[in-house]
Amino acid sequence: MLDLTRFHGIFPPILTPINDDESPDLESLASLVDFLIRSGVHGIWVNGTTGEFPCFDASERASIARATVEAVAGRVPVIAGIGDCSSRLAIRHGRGAAEAGVDAIALTPPYYYSVNQAELLEHFRK
């Protein structure tokens with residue numbers, strides 16, 4: 001059961017460090033996570049807009065979430081952004097985040113395409 005009392009305070013949407021080849025720099029990510037926790041944040045939000053989520057494919061996003069969960073080591077909750085331009089892709093990212101062990105997900109409306117209210121509700125229901 002999800003303990004909602006753990007979700008309070010500051011959850012910064014963190015940057016995703018990258019290597020020269022534009023792959024996620026998971027070592028620097030771990031250092032960033034440790035720095036933020038030592039600085040007093042109450043949780044970590046990974047793969048959000050600040051983390052440049054659209055620049056990474058599904059396997060990279062899952063590895064970023066996994067590396068974050070490992071670096072956090074249970075000290076604070078981890079929220080993973082799973083947004084994408086379709087429900088199908090968002091679901092794929094959600095599964096990757098769940099397998100990585102995040103505590104919660106953040107789902108935004110689909111971007112790029114216009115959706116009406118019924119389509120938006122269906123997106124969140126899926």
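**Fold, core and selected residues of the predicted model**

Val72 touches Val33, Ile37, Ile44 and Val78, residues up to four places away in sequence not being counted; a contact means heavy atoms within 4.5 Å. The structure is a predicted model, in which local features need pLDDT of at least 70 and side-chain atom pairs count only at pLDDT 80 or more, whereas totals for chains, interfaces and linings use all residues. Residues are numbered from 1 along each chain as its sequence is written, and side-chain values use heavy atoms, with hydrogens and water left out.

The protein contains 4 helices and 3 strands. Helices (H or I, at least four residues) and strands (E, at least two) are DSSP runs, numbered from the N terminus. Along the sequence these elements follow the pattern α-β-α-β-α-β-α. For 126 residues, a compact globule would have a radius of gyration near 14 Å, and the protein agrees with this, having 14 Å. The radius is taken over C-alpha atoms, and the globule rule is 2.2 Å times the number of residues to the power 0.38. Taken along the principal axes, the box filled by the C-alpha atoms is roughly 45 × 40 × 20 Å. Of the contacts with a separation of 6 or more, 68% are between residues 24 or more positions apart.

Buried residues make up 40% of the 126 residues. Buried means under 20% relative accessible area, exposed over 50%, and partly exposed in between (1.4 Å probe, protein chains only). The accessible surface of the protein comes to about 7,400 Å², and 55% of this surface belongs to carbon and sulfur atoms. Accessible areas come from the Shrake-Rupley method with a 1.4 Å probe; for residues, only the protein chains shown count as cover. There are 10 positive and 16 negative side chains, and the centres of the two sets lie 9 Å apart. Lys and Arg count as positive and Asp and Glu as negative, while His and the chain ends are not counted. The place of a charge is taken as NZ of Lys, CZ of Arg, CG of Asp or CD of Glu.

The largest nonpolar core has 21 residues, of which Ile14, Val33, Ile37, Ile44 and Val72 touch the most other members. Two or more residues of this core are given by each of α1 (26-38), β1 (44-46), α2 (58-72), β2 (78-81) and α3 (87-100). The largest share, 5 residues, comes from α2. A nonpolar core is a set of buried Ala, Val, Leu, Ile, Met, Phe, Trp, Tyr and Cys residues joined through side-chain atoms within 4.5 Å.

The loop between α2 and β2 holds Ala73 and Arg75. Ala73 is exposed, with a relative accessible area of 59%. Arg75 counts as partly exposed, at 39% relative accessibility. Leaving aside neighbours within four places in sequence, Arg75 is in contact with Arg6, Asp34 and Ile37. Arg75 and Gly43 are 32 residues apart in sequence, and their C-alpha atoms are 8.4 Å apart in space.

Most residues other than glycine have a negative phi. Ala73 has a positive phi, near 55°. Tyr112, which is not a glycine, has a positive phi of about 85°. Tyr112 is found in the loop between β3 (104-106) and α4 (117-125), and is exposed, with a relative accessible area of 72%.

Two further residues were examined. Glu22 is found in the segment before α1 and is exposed, with a relative accessible area of 57%. Glu22 and Phe56 are 34 residues apart in sequence, with a C-alpha to C-alpha distance of 9.1 Å. Ser28 lies in helix α1 and is partly exposed, with a relative accessible area of 30%. Ser28 and Tyr111 are 83 residues apart along the chain, and their C-alpha atoms are separated by 29 Å.
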